[in-house]
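Hi,

Here is the structure I promised to pass on. Have a look at it first, and then read my notes below.

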Amino acid sequence: MRERIIAGNWKMNKTVPEALELIETIKYELSRDDYKIVVCPPFTALYSVGGAVSGTPIALGAQNVFWEDRGAFTGEISPVMLADLGVEFVIVGHSERRRYFGETDEMINRKVRAVLAHKMRPILCVGETLEQREAGKTIDVVTHQLREALKGVSESEAKRLVIAYEPVWAIGTGRTATPLQAQAAHAFIREELNLMFGKEVGDQIPILYGGSVKPDNVADLTGMPDVDGALVGGASLKAESFIGIIENAQ
Ligand code: PEP
């Protein structure tokens with residue numbers, strides 16, 4: 001059976017005390033174990049949140065990484081540093097990083113490979129803008145993003161991949177893809193993964209949906225055959241809504 005995952009992307013939110021307050025409530029209220037739960041605090045709270053989740057089933061994730069191990073790269077954080085903190089998952093290629101920080105497919109590919117080389121698991125985000133969807137380019141855009149980001153990834157490394165389909169028009173907008181729109185994109189991504197890594201590996205890679213997931217829409221989305229969980233932004237910032245999503249997921 002394919003792994004199921006719900007990951008919370010806290011983005012640029014939460015001081016250390018706020019992060020600890022949130023994780024303590026999530027920890028206390030977490031009641032199911034068929035989903036792997038991942039929390040991705042900002043870099044400044046990784047150490048403290050890592051301590052709080054140690055020995056629990058909750059995994060620690062980071063929101064970004066640089067691809068070099070060390071050196072004169074002011075302001076960057078390396079995969080070595082993340083692995084040292086017990087980080088298991090790293091979000092790579094989020095649309096906010098592509099859009100506001102100019103991340104290209106080539107940079108994203110380097111990050112994916114660096115994360116894999118350090119035995120962590122990338123959560124690779126792909127997805128089209130509204131303009132691209134309306135122009136009928138969703139499949140072309142997502143294919144291109146996947147192929148470029150996953151260049152040079154071996155079949156055995158691919159077993160550690162997680163993909164997040166995040167239509168840009170649904171992120172932070174309150175607009176969600178319908179379950180059928182999500183399923184169509186996920187099924188197509190699955191076909192691409194099967195082409196790249198073979199069916200045996202491709203079929204086991206979890207594909208999460210991201211874009212305004214809430215407690216009241218998560219069941220329909222995760223009820224679709226190729227939707228293996230969710231990457232949650234805004235609704236992961238409050239314990240009540242994040243727990244609601246976990247409880248209602250199919
Ligand atoms: C995200 O940023 O990955 C995301 C899905 O955000 P939101 O849930 O707020 O749309």
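Strands here are DSSP runs of E with at least two residues, helices are runs of H or I with at least four, and both are numbered from the N terminus. Two strands count as paired if DSSP finds at least two bridges between them.

It's a predicted model, so local features need pLDDT of at least 70 and side-chain atom pairs 80 or more, while totals for chains, interfaces and linings use all residues. Residues are numbered from 1 along each chain as its sequence is written, and side-chain values use heavy atoms, without hydrogens and water.

On to the fold: eight strands close into a parallel barrel, in the order β1-β2-β3-β4-β5-β6-β7-β8. Neighbouring strands in this sheet are turned by 25° on average, ignoring direction (axes are lines fitted to C-alpha atoms, for helices over the stretch in contact; angles run from 0 to 180 degrees between N-to-C directions). Parallel strands β4 (residues 89-92) and β5 (residues 121-126) are joined by four bridges, and V92 sits opposite L124 in β5. Helix α5 (residues 105-117) lies across β4 and β5, at about 160° to β5, where contact means heavy atoms within 4.5 Å.

Now the ligand. It has 14 residues around it, with K11, H94, E166, G172 and S212 the closest; a residue is near if one of its heavy atoms lies within 4 Å. A side-chain N or O atom of K11 is 2.6 Å from a ligand oxygen, and a polar side-chain atom of H94 is 2.7 Å from a ligand oxygen. For G234, a backbone N or O atom lies 2.8 Å from an oxygen of the ligand.

Cheers

Definitions and conventions:
Polar contact = N/O pair within 3.5 Å; in protein donor to acceptor, adjacent residues only side chain to side chain.
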